Amino acid sequence: VYKRLQILNLETGNRKRESQNPELWRERAHKTLQFFRDEVFPHTEILGLQEFWTDPQYRCIYDDDFNRFGYDVHVLQRTGSKLDAVVLAVKRDVFAVMGTLDVILCELSDRVALVLWLKHKTSGKDFIVANTHLSFPHSALDKINQLRQMNKLTNAMEEFARSNNIHSATRMIMGDFNVEYTSRVCEHLRSLGYISCFEVSSPLNPRQPRHSMDEPTSATSSPTSRATTTTAAAKKRTLRFVSHRNHRNEELGVDHIFVRAESAPGFQGNQ
């Protein structure tokens, strides 16, 4: 809905949006849906989307497939005049949706978060899952605002857990945070016991210790092969996670999944 084209709107002088051209946005939607069919739907039990256009013609392209692949779909549109939403789609044969919570994070920039209380049907375990899209950091003030938004979300999740008597439930927060893993937003989550799924997933993990596959295990390997392998391993460990290219043409890793594992009964968590 927000992607700008090179074509100018002669009345306003601004570049036109892709959402103004049905041929373009329909083509993108169908390509996206085909990717979901091939790579996502068969393997994913909890799916979080951001910037999902709420236009009825756009939504109907996805609705049949969400249903056919067995998803319960929950949509929370941003506040104000924004036309996009955050979405959580959950496989109905795996999880029961026990409750929902809509969180307004910031009315100034129309930011929201959608929270679901899920119960795993096989194990009976509880999960609290949130999906959000934080403000873009145009300025230093926006970075402070991002932290406030995430703090509001984590507080809302704790209150949601208390009110439903599911204190020990596993928490998951996903979304486009518009910050990379070294940010204060991510450090805030770590301070509450959350772990970044991407940071603990080799090989795109700058913090992870050297993996056993990084160097040859054979005692007879030559110095040349050891040096070559070590260099390759060093390069591998310095790879940056990139989720997308933003409107400034910057390649960044700003989409995240943070998880705090199920805690012992009675654990209240950090405030």
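Reply: Happy to; we will go from the overall picture to a helix and then to the cores.
This is a predicted model, where local features need pLDDT of at least 70, side-chain atom pairs count only at pLDDT 80 or more, and totals for chains, interfaces and linings use all residues. Residues are numbered from 1 along each chain as its sequence is written, and side-chain values use heavy atoms, with hydrogens and water left out.

Me: How many helices and strands does the protein have?
Reply: Helices (H or I, at least four residues) and strands (E, at least two) are DSSP runs, numbered from the N terminus. Here there are five helices and 13 strands.

Me: What span does helix 3 reach?
Reply: The expected span of a helix is 1.5 Å times one less than its number of residues. Helix 3 covers residues 140-163, 24 residues in total, and reaches 35 Å from first C-alpha to last, close to the expected 34 Å. Just after helix 3, Asn165 has a positive phi of about 55°.

Me: Which residues have the most contacts inside the largest nonpolar core?
Reply: A nonpolar core is a set of buried (under 20% relative accessible area, 1.4 Å probe, protein chains only) Ala, Val, Leu, Ile, Met, Phe, Trp, Tyr and Cys residues joined through side-chain atoms within 4.5 Å. The largest one has 25 residues, and Val115, Ile128, Met150, Leu153, Met157, Ile173 and Phe177 have the most contacts inside it. Helix 3 gives the most to this core, six residues. Apart from this core lies another, of 17 residues, including Trp53 and Ala89.

Note on methods: Buried means under 20% relative accessible area, exposed over 50%, partly exposed in between (1.4 Å probe, protein chains only).
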